[in-house]
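Here is a friendly walk through one model, arranged by topic so that you can follow along in your viewer. Have the sequence and the coordinates open as you read.

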Amino acid sequence: MDVCMEMLCWEMGKLVLEKLPLPHTDYLKLVQDHAVRVLEEIVTVVRTPDLNDFEVVEEIVRILEKHNISAGSCHDF
């Protein structure tokens, strides 16, 4: 996703939260919980002894993309 689209999605998300607030929802906790799950996946990959450095990077990029986090194209070797 390019930067403009990411910024648009961010702004649209903020607008939705302002207009349609969900009662008793701790958005920060939701984001933090998701971030911890992503980090746990990445740690698992980094600790995998059978992968070389390039494979580790590719797996991390795959995890980020799975969670809709763009890693850009700089990882293409």
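## Briefing: salt bridges, pocket and chain end

K14 counts as partly exposed, at 37% relative accessibility. Please keep in mind throughout that this is a predicted model. The chain holds 3 helices and 0 strands, and its pattern along the sequence reads α-α-α. Of its 77 residues, 13% are buried.

**Salt bridges**

- The whole structure contains 3 salt bridges.
- In general, side chains of opposite charge can pair when their charged atoms come close.
- K14 has E11 as its partner, and the closest N and O atoms of this salt bridge are 3.3 Å apart.
- E11 and K14 are about one helical turn from each other, because they sit 3 residues apart in helix α1.
- A second salt bridge joins the side chains of E59 and R62, with an N to O distance of 2.9 Å.
- Helix α3 contains both E59 and R62, again 3 residues apart, or about one turn of the helix.
- E59 is partly exposed with a relative accessible area of 26%, and R62 is partly exposed with 40%.
- The side chains of E41 and K66 form another salt bridge, at 2.7 Å from N to O.
- E41 belongs to helix α2 and K66 to helix α3, so this pair ties together parts of the chain that are 25 residues apart in sequence.
- E41 is partly exposed at 23% relative accessibility, and K66 is partly exposed with a relative accessible area of 48%.

**The largest pocket**

- Rolling a probe the size of a water molecule over the atoms shows where empty space is left.
- The volume of the largest pocket is about 420 Å³.
- Which residues lie nearest the centre of the largest pocket? They are W10, G13, L17, Y27 and V31, out of 13 residues that line the pocket.
- Helices α1 (3-19) and α2 (27-46) each contribute at least two residues to that lining.
- By type, the lining of the largest pocket comprises 8 nonpolar, 4 polar and 1 charged residues.

**The segment after α3**

- H67 is found in the segment that follows α3 (53-66).
- Is H67 buried or exposed? H67 is buried, because its relative accessible area of 17% falls under the 20% cut-off.
- Setting aside neighbours within four places in sequence, H67 makes contact with H34, V38 and E41.
- One of those contacts, E41, is also the residue that meets K66 in a salt bridge.
- N68 is likewise in the segment after α3, and N68 is exposed, with a relative accessible area of 71%.
- The phi of N68 is near 60°, a positive value in a residue other than glycine.
- For context, most residues other than glycine have a negative phi.
- I69 also has its place in the segment after α3, and I69 counts as partly exposed at 34% relative accessibility.
- How far apart are the C-alpha atoms of I69 and E6? They are separated by 9.6 Å, although the two residues are 63 residues apart along the chain.

**Cysteines**

- A disulfide is a covalent bond between the sulfur atoms of two cysteines.
- How many disulfides does a search of the whole structure find? The search finds 0 disulfides.
- C4 is exposed, because its relative accessible area of 61% is over the 50% cut-off.
- C9 counts as partly exposed, with 38% relative accessibility.

**Contacts along the chain**

- Among contacts in the chain with a separation of 6 or more, 25% are between residues 24 or more positions apart.

Methods. Residues numbered from 1 in each chain as written. Predicted model: local features only at pLDDT ≥ 70, side-chain atom pairs only at ≥ 80, totals over all residues. Heavy atoms only, no water. 1 Å grid on protein atoms, 1.4 Å probe; cavity = no way out; pocket = protein on both sides within 12 Å on 5 of 7 lines; lining within 4 Å. Points joined across faces, edges and corners; volume = space filled by probe spheres on them. Helix = DSSP H or I, 4+ residues; strand = E, 2+ residues; numbered from the N terminus. Nonpolar A, V, L, I, M, F, W, Y, C, P; charged D, E, K, R; others polar. Buried < 20%, exposed > 50% of the residue type's maximum accessible area, 1.4 Å probe, protein only. Contact = heavy atoms within 4.5 Å. Disulfide = S-S within 2.5 Å. Salt bridge = Lys/Arg side-chain N within 4 Å of Asp/Glu carboxyl O.
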